[in-house]
Amino acid sequence: MNNYYQQDIETMPVEKIKALQSERLVKQVKHVYDNVPYYRDLMIKKGVTPNDIHGIEDLHKLPFLSKADLRDAYPTGLLAKPLSDCVRIQSTSGTTGRRVVAFYTQHDIDLWEDCCARAIVAAGGTREDVCQVSYGYGLFTGGPGLNGGSHKVGCLTLPMSSGNTDRQIQFMMDLKATILCCTPSYAAYIGETLKEKGYKPEDNTLKAGIFGAEPWTEEMRRDIEKSLGIKAYDIYGLTETSGPGVAFECCEQSGMHINEDHFIAEIIDPDTGEVLPEGSKGELVFTSLTKEAFPLLRYRTRDICVLSREKCSCGRTFIKMSKPMGRSDDMLIIRGVNVFPSQIETVLLNEGYPPNYQILIDRENNTDTFDINVELSSEMFSDTVKDITNREKSLSGAIKTMLGINPKVHLVAPKTIERSEGKAVRVIDKRKLH
Ligand code: ADP
Ligand code: ZN
């Protein structure tokens, strides 16, 4: 069963895709050079002008953009259109100081929603389907992206947002949802809750799920497929490139096709920036070819993966990316929220604690656990048990204000966190994700 949303594009011969990318790249570089002084300066520093870019073979001449550039240019320094042409923003999962704000024209939203529609159709979606969107709505790209894609396909869309699992299940049952879109951990949780309520997998009408925004394993896929009685498809994206739908899985469920008419993907060595040949493992870099308002060129995602252009039985010719296998920076994704250890360190210092801490993450019942051991200073160590319990509560509150999610803080005696001879081991991540 081969379903396409935009067949001509999705099955275009590779040579034609490359020609289209070249043509779009030349135009996009000029658009960015003319309208984004921040990137123009980077190009000038690298000694390259739009006249040097004749096609995708010249892509490597362009400078990279990183999250640090987004921070420097926050909030509008990378905008390539007047604000009056923009109709919406979206933003990354609330992390102070690291927040990314992406801008969209109506045209940008339209193309983004096409990408999400391709993912829904690849998972078997048609206008007969009832699509339950249980990603968060609001600044997060998950809800709005899949919502738009579902409309484009013509599905009856249930804009549930995340949370309130009893209500999710009631609507799923009463309105006979056939496609579920949410994070894989939420899908697993819905599956468990259905079981607890005494439902069997065949009691629901779901046939497929489109799950992404966080790392998940093949084991988790099998568990979810079994507990919900569906086929589970992966979807990938990031706010910087518009959101989910940059890449999506087809019926083969073996890697995600990248929407190459809108994005050029490269794999680089994260240490040297050197472009690596196809099939190598390295950092994924995206150039957006069609975005008007927030067109990032050579954006370093920090996601580590492999690209492959083997023939796919679905008929799509777009290159495939493997599941991300990790990150080349220290960003953690805990319960769907981006967390940098440095943010926790900032809170500790602000609250008067020594910067000796260890973050422990695990996954129980498909939900991330998030514990932080923090050393007391010797003055604090004389506090009573009651004082310490209060301290733990207040520190956990301060961290929640910074990150948006609640850790369990454990205050420990001075000098009890093991010192390392090299880099401090700040994070112990026991989730088996790769
Ligand atoms: P999103 O709105 O997609 O969560 P963010 O910008 O907050 O966007 O986070 C993007 C990051 O989420 C990606 O760089 C990647 O690390 C992770 N991510 C998104 N989709 C997936 C996926 N399907 N598998 C693994 N990681 C993913
Ligand atoms: Zn395929």
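The legends below describe close-up views of a predicted model. Local features need pLDDT of at least 70 and side-chain atom pairs count only at pLDDT 80 or more, while totals for chains, interfaces and linings use all residues. Residues are numbered from 1 along each chain as its sequence is written, chains are lettered from A and ligands numbered from 1 in the order in which they are written, and side-chain values use heavy atoms, with hydrogens and water left out.

**View 1. The site of the zinc ion (ligand 2) is tetrahedral.** The protein donors are Cys 250 (SG), His 257 (NE2), Cys 312 (SG) and Cys 314 (SG), 2.1 to 2.3 Å from the ion. Donors are N, O and S atoms within 2.8 Å of the metal (3.2 Å for Na, K and Ca). Angles among the 4 donor atoms run from 102 to 114 degrees; four donors count as tetrahedral if all angles lie between 85 and 135 degrees. The ideal angle for four tetrahedral donors is 109.5 degrees.

**View 2. Cys 250 and Cys 314 tie together parts that are 64 residues apart in sequence.** The spacing of the zinc donor residues is C-x6-H-x54-C-x1-C. Cys 250 lies in the loop between β8 (243–249) and β9 (256–258), and Cys 314 in the loop between β12 (299–308) and β13 (320–321). Strands are DSSP runs (E, at least two residues) and helices are runs of H or I with at least four, numbered from the N terminus. Cys 250 is buried at a relative accessible area of 0%, and Cys 314 is buried at 0%; buried means under 20% relative accessible area (1.4 Å probe, protein chains only).

**View 3. An open sheet of 11 strands has mixed pairing.** The strand order is β4-β3-β5-β6-β7-β8-β9-β13-β12-β11-β10. At the edges are β4 (156–159) and β10, each of which pairs on one side only. Two strands pair if DSSP finds at least two bridges between them. The antiparallel strands β12 and β13 are joined by 2 bridges, and Ser 308 has Lys 320 in β13 as its bridge partner.

**View 4. The second largest pocket is lined by 18 residues.** Nearest its centre lie Ile 264, Ala 265, Glu 266, Val 275 and Arg 309. Two or more lining residues come from each of α2 (14–35) and β10 (263–268), and β10 gives the largest share, 4 residues. A pocket is an open set of points on a 1 Å grid, with protein on both sides within 12 Å along at least five of seven lines, where a 1.4 Å probe fits; lining residues have an atom within 4 Å of a point.

How values were computed: Tetrahedral: all angles 85-135°; square planar, octahedral: opposite > 155°, others 65-115°. Buried < 20%, exposed > 50% of the residue type's maximum accessible area, 1.4 Å probe, protein only.
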